[in-house]
Amino acid sequence: MEPVEINAGTYYLRSLRADELLDDRPRLLAAFADPVHRRFVPHYVVDTVEAATAYVERRAREWLADERCSWAVAEPTTGELLGEVGLKRLDLAAGTAEAAVWLHPAERGRGIAATGLTAALRFGFGALGLRYVDYRHEAANHASEAVARKCGFTLVDAAGSDLRWRLTSDGAA
């Protein structure tokens, strides 16, 4: 599917970009250099401009392949990248996905993650017809726990060092 933009009220959701009009790569490099970010988002290494370009290109390919819907949470007047939200492990046939969210270190603690993720979830349930979305994170990631609660997820599994939350299209666990 083609990427869509979403009005999230205070912010807007758009595709990640690296072009002559808007370049998210400097903010991506800064976010992925942060030790807290690296701890909780360990599967990506974005430490060069080339790696940041590849990250933006990967997200575009995932949209087109119906594998992941990913949005830059952006400041509406400047377009500045504040973070990223998404629906990963997207299975349109089964109606399932997993939520993903991270913020640039300078943007944490302002409610941006919950606002952005709520908008992405509305898209997932409304436009994509998802039945449920899971959200997983390390138990030590208290910011992610707060986002899960603010977005209405219900804790369904607390085994081991990870927590798994679920939100269904009807609001039940």
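Predicted model: local features only at pLDDT ≥ 70, side-chain atom pairs only at ≥ 80, totals over all residues.
**Aromatic pairs**

A pair of aromatic rings is described by the distance of the centres and the angle of the planes. A search of the whole structure finds seven aromatic pairs, and two of them are set out below.

| Pair | Centre to centre | Angle between planes | Geometry |
|---|---|---|---|
| Phe 32 and Trp 102 | 5.5 Å | 70° | edge-to-face |
| Tyr 44 and Tyr 55 | 5.4 Å | 85° | edge-to-face |

Phe 32 belongs to helix H1 (residues 25–33) and Trp 102 to strand S5 (residues 96–103), so that their pair links distant parts of the chain, 70 residues apart, and both Phe 32 and Trp 102 are buried. Tyr 44 lies in the loop between helix H2 (35–40) and helix H3 (49–64), whereas Tyr 55 is in helix H3, so this pair ties together parts that are 11 residues apart in sequence; both Tyr 44 and Tyr 55 are buried. Phe 32, Tyr 44, Tyr 55 and Trp 102 form one aromatic cluster.

A contact of another kind involves Tyr 132, where the charged end of Arg 166 sits over the ring, 3.6 Å from its centre.

**Largest pocket**

The largest pocket holds about 1,100 Å³ of space, and among the 43 residues that line the largest pocket, the closest to its centre are Phe 40, Val 41, Val 101, Asn 141 and Ser 144. Elements that give two or more residues to this lining include H2, H3, strand S4 (81–91) and helix H4 (112–126), while the largest share, six residues, comes from S5. By residue class, the lining of the largest pocket divides into 21 nonpolar, eight polar and 14 charged residues.

Terms used:
Residues numbered from 1 in each chain as written. Heavy atoms only, no water. Phe/Tyr/Trp six-rings, centres within 6.5 Å; stacked < 30°, edge-to-face > 60°. Helix = DSSP H or I, 4+ residues; strand = E, 2+ residues; numbered from the N terminus. Buried < 20%, exposed > 50% of the residue type's maximum accessible area, 1.4 Å probe, protein only. Lys NZ or Arg CZ within 6 Å of the ring centre and 35° of its normal. 1 Å grid on protein atoms, 1.4 Å probe; cavity = no way out; pocket = protein on both sides within 12 Å on 5 of 7 lines; lining within 4 Å. Points joined across faces, edges and corners; volume = space filled by probe spheres on them. Nonpolar A, V, L, I, M, F, W, Y, C, P; charged D, E, K, R; others polar.
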